[in-house]
Amino acid sequence: MVFLEVLGLARMVLEVTALVITFLAFLISYKGYSVTKRPVFARLSFAFIFLSANFMLQFFSDIFNILEFFSLSYYSSVISSFFEMLGFFFIAVSHMIKVSQEHKIYSLLLALVIINPVVAFKTLSLYFIFYAILESLLSYSKVRSKNILLTVLGLTGFALNTLLTWISEFTFYPIILNFFALVFQTFGVIAFFVPIWIYYRSVR
């Protein structure tokens with residue numbers, strides 16, 4: 001019992017840490033867009049403000065769960081997953097994702113939203129992340145840039161987080177999976193933050 005309480009507290013600390021880092025990434029991206037007017041910074045601004053909202057709602061969900069407001073905790077978790085999906089969409093759209101061709105995915109996701117909206121949003125997040133990882137790996141094979149490699153590592157952290165939280169929806173004791181998922185996501189945020197900062201410094 002004590003172990004689970006410590007794990008829950010550590011999870012909340014990681015959520016706050018990730019919230020601070022993603023919000024800093026948003027500020028840098030927004031400032032980069034203000035200075036350069038480059039669309040990549042606009043997309044990253046949207047991505048990181050949505051990811052910041054995701055972490056904030058995850059934190060509130062845990063607080064509501066502690067206070068035994070289980071309905072509020074559930075809805076916070078659903079909205080959090082939605083914002084996470086939007087954040088990853090704006091990251092993936094930087095690689096010109098073509099979702100319009102995936103007609104069969106829409107009917108499946110509609111069914112998932114009705115059955116379990118968190119699973120539906122996590123499924124979309126995985127789709128966007130894996131597409132972005134593939135495109136980034138193809139870019140790295142051509143350019144061999146350290147920044148692209150850091151981006152791939154960051155996206156991999158996001159992917160592991162989303163995969164673990166997706167699996168946790170089907171388990172009876174999800175807290176351990178959710179904790180490690182958050183560790184991977186925090187790693188992903190940090191790895192993704194570094195190339196944004198380097199890119200911003202190079203175009204100032």
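Reply: A crossing of two helices is called left-handed if the near helix is turned anticlockwise from the far one by less than a right angle, and right-handed if clockwise. In this predicted model, helix 3 passes helix 6 in a left-handed crossing.

The protein chain has 204 residues, of which 42% count as buried. It holds 7 helices and 0 strands. Among contacts between residues at least 6 apart in sequence, 75% join residues at least 24 apart. The accessible surface of the chain is about 11,300 Å², and carbon and sulfur atoms account for 75% of that surface.

Now to the pair itself. Two packed helices are described by the angle between their axes and the distance between the axes. Helix 3 covers residues 70–92 and helix 6 covers residues 146–168. Their axes come within 13 Å and cross at roughly 150 degrees. Angles over 145 degrees count as roughly antiparallel, and helix 3 and helix 6 are therefore roughly antiparallel to each other.

The contact itself can be given residue by residue. From helix 3 come Glu 84, Phe 88 and Ile 91. They meet Leu 155, Phe 158, Asn 161 and Thr 162 of helix 6. By type, the residues of this contact divide into 4 nonpolar, 2 polar and 1 charged. Phe and Ile are among the kinds counted as nonpolar, while Glu counts as charged.

Definitions and conventions. Residues numbered from 1 in each chain as written. Predicted model: local features only at pLDDT ≥ 70, side-chain atom pairs only at ≥ 80, totals over all residues. Heavy atoms only, no water. Helix = DSSP H or I, 4+ residues; strand = E, 2+ residues; numbered from the N terminus. Buried < 20%, exposed > 50% of the residue type's maximum accessible area, 1.4 Å probe, protein only. Contact = heavy atoms within 4.5 Å. Areas by Shrake-Rupley, 256 points an atom, 1.4 Å probe, with all protein chains shown as cover. Axes fitted to C-alpha atoms, helices over the stretch in contact; angles between N-to-C directions. Parallel < 35°, antiparallel > 145°, perpendicular 65-115°, else oblique.
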